[in-house]
Every structure is written in structure tokens, then in C-alpha cells.
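Here is my notebook page for today.

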Amino acid sequence: GDVVIRPSSKGADHLTVSWKVTEDIYQHIDVEEKGKTNSFSLGSSLEIQGEEFEDLDEIIARHVNPMASHARDILSYKYFKDVRSKQDAKDYITKEKQLNSTKIPYILSPSKEYPGKFLLSYMPRQSVRHEFVSVSPDGFRFRQKTHDTLLQMIKWFKEHFREAPPGTPASASPGARRTPYGGRSTPGQRPGIT
């Protein structure tokens, strides 16, 4: 969780707070300065996505440090693997599935494309699925839900992995049902009969 604070390329009323997620991965957070008296002073209030902070120490204490702590929880988790691409995660999960086909292997790995996010890769049947987990000051965000601890998030994932992630076509139409044969069925109609 090393932190660097510097002027932002977004303008004189912005700062960038960069923190180290893991080796070679840094998240950059935009901080808007409000109430600046001149271009060399710090704003009287600082905002990150609408949340107000009094000073830089408060940003580090209430925003960056909790996220760094959550990232450390993932980095020390027994199923964390330091693979850097979806393909590497897929290869690892596929090998694990071959070793024990009755288990559903999963790993968490850092996302270089989206710093501050981790890839949750798992293989329930024949294909590997990838979803993002975000660390925030409030906890671990997965499928539009924030969990206080990593273990709570993993428990929720294990109970709900069969459900379609929010925003996917299967979850976008709650009225439509799938038949065991993969066709669509509407209430009151028998599958296979049009």
C-alpha cells in the first residue's frame, strides 16, 4: 500500500493519489480540490467520487489504507495466484479441474488492466468463467454487492456462482425461463411447441 500524491494532469484543481496494489500494479485515484485560494495551495476540501475529505492524511487513512488492507487480504488468500492474464488463469484452472473433476476450482488474481480489481476465475463445468472483484474502502465488491470481508464474499460467491452475473442476457430477462434443453419457454407454453 505505498502511496504517492502528485498534481494531476486533469488540471490545477485535481490531485492524483497513486497506491501500490501489488508488484507493478498501481491504482490512480482522482482527487478534486475545492476552495483553492491559489494554484500552489491545497483546496479547503478534497473530494473522491463525491465523498469529502478534510486533508490528505484523511484520504490516506479513510480511503487508501482500507483498500490496501483489503488488497493484502486477497494477496494472502490461499487461492490467490499471481497470474497476470485471463489466459494464464484459464490454463491454471483447467489443470486444477483435470486433477479433480468433481471440484470447482477457483483463484483470485490481480488485474493489470483494471488496477484495484482482481479477477475471480472459476470452472464449474467445461469452461472457465472470469468475473471482477473490486476493493473499496468499504470492502469487497462482487456482482454489485459489497461484502465486509473476503471470507464473506467467497462464501456468497460459493452460494451464488450458478446465478447469472448482473447485466448478462440470462439475468436481464427475469420473465424468460430456460428449459433443460436450452430452449426458451414462456409461462403457459410447453417447450418445443410453437
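**Strand partners**

I began with valine 135 and looked up its bridge partner in β9, which is phenylalanine 140. The strand names follow the rule that helices (H or I, at least four residues) and strands (E, at least two) are DSSP runs, numbered from the N terminus. What I have here is a predicted model, where local features need pLDDT of at least 70 and side-chain atom pairs count only at pLDDT 80 or more, while totals for chains, interfaces and linings use all residues. Residues are numbered from 1 along each chain as its sequence is written, and side-chain values use heavy atoms, with hydrogens and water left out.

How many bridges join β8 to β9? I found three, and the two strands run antiparallel. Two strands pair if DSSP finds at least two bridges between them. The link from β8 to β9 is a hairpin through two residues.

Next I turned to β7 (residues 117–122), which runs antiparallel to β8 and is joined to it by six bridges. Here phenylalanine 118 stands opposite valine 133 of β8. A hairpin through six residues connects β7 to β8. I also noted a general point: in a regular strand the side chains alternate between the two faces of the sheet.

**Salt bridges**

Glutamate 131 lies in β8 (residues 129–136) and arginine 143 in the loop between β9 (139–142) and β10 (145–147), so the pair ties together parts 12 residues apart in sequence. Are these two residues buried or exposed? Both glutamate 131 and arginine 143 are buried; the cut-offs are under 20% relative accessible area for buried, over 50% for exposed and in between for partly exposed (1.4 Å probe, protein chains only).

Then I checked aspartate 30, which forms a salt bridge with lysine 10 at 3.8 Å between the closest N and O atoms. This pair links distant parts of the chain, 20 residues apart: aspartate 30 is in β3 (residues 25–34), and lysine 10 is in the loop between β1 (3–7) and β2 (14–22). Aspartate 30 is partly exposed, at 29% relative accessible area, whereas lysine 10 counts as exposed at 56%.

My last entry is the salt bridge between glutamate 23 and lysine 20, 3.4 Å from N to O. Glutamate 23 is partly exposed, with 47% relative accessibility.

Definitions and conventions: A salt bridge is a side-chain nitrogen of Lys or Arg within 4 Å of a carboxyl oxygen of Asp or Glu.
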